[in-house]
Amino acid sequence: MDFQGHVLVVTSSFYLLFLFFHSPLQTNASSSTKLIESVCKNTIDNANCLKALESDPRAVKASRLKDLAKIALELAAANATESKAYIDDLLTKNHTEPIKQCSFWFEAVVGSFRSALRELDEDVLSANYDSKIAGDDADSCENALALGKVQIPSISTRNNYAKLYSSIAFEITNLL
């Protein structure tokens, strides 16, 4: 084989390898991004929804709505569990009725997200309902703070994230 033939074979090989390794990944990433965008545009906060889902590499790689729903509910349950622990820790330092109520309501938020995750494969309508109820429970915590005339920004922020994850999960399960 002459030099030009060798260069042509090597160049063609690299080109084919490039197409083989990069094209499907770009298509998958592109379709995953579109999947995330199609969900987030209908939530209560498109920008923070995109940040929340795109922060998890599994969500960025998800190609099926059901996979994205599972990931979103896992993120929601983890976030709610951390928030419940935070509120419980606050309660040991400041045992007031509004914080006690928020601890109660966040137990419900965690339970709703976990139920939705379990129901995802068997009863999507129940998963959808439980996803929505989690946000309502976070609202109940915020209402308890307002009724008690207590402002605790760190709890309000956690309520907003619970409502965001509730909206995300509700939208995804609504599309299943």
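Is E74 buried, exposed or partly exposed? I began my notes here, keeping in mind that this is a predicted model. E74 comes out as partly exposed, because its relative accessibility is 25%.

**Entry 1: around E74.** I looked for a partner and found K70, which forms a salt bridge with E74 at 3.9 Å between the closest N and O atoms. The two sit four residues apart in helix 4, so about one helical turn separates them. K70 is partly exposed too, at 44% relative accessibility.

**Entry 2: further along helix 4.** Next I checked D88 and K84, whose side chains meet in a salt bridge of 2.7 Å, N to O. They are also four residues apart in helix 4, therefore about one helical turn from each other. D88 is partly exposed at 27%, whereas K84 is buried at 13%. I then followed shared partners: salt bridges join D56, R58, K70 and E74 into one network.

**Entry 3: a longer link.** I counted 10 salt bridges in the structure. One of them pairs D121 with K66, with the closest N and O atoms 3.8 Å apart. This pair links distant parts of the chain, 55 residues apart: D121 lies in the loop between helix 5 and helix 6, and K66 in helix 4. D121 is exposed at 63%, while K66 is partly exposed at 26%.

**Entry 4: helix packing.** I turned to helix 4 and helix 7, whose axes come within 9 Å and cross at roughly 160 degrees. The two helices are therefore roughly antiparallel. Their contact residues divide into 18 nonpolar, three polar and two charged.

Methods
Residues numbered from 1 in each chain as written. Predicted model: local features only at pLDDT ≥ 70, side-chain atom pairs only at ≥ 80, totals over all residues. Heavy atoms only, no water. Axes fitted to C-alpha atoms, helices over the stretch in contact; angles between N-to-C directions. Parallel < 35°, antiparallel > 145°, perpendicular 65-115°, else oblique. Nonpolar A, V, L, I, M, F, W, Y, C, P; charged D, E, K, R; others polar. Salt bridge = Lys/Arg side-chain N within 4 Å of Asp/Glu carboxyl O. Buried < 20%, exposed > 50% of the residue type's maximum accessible area, 1.4 Å probe, protein only.
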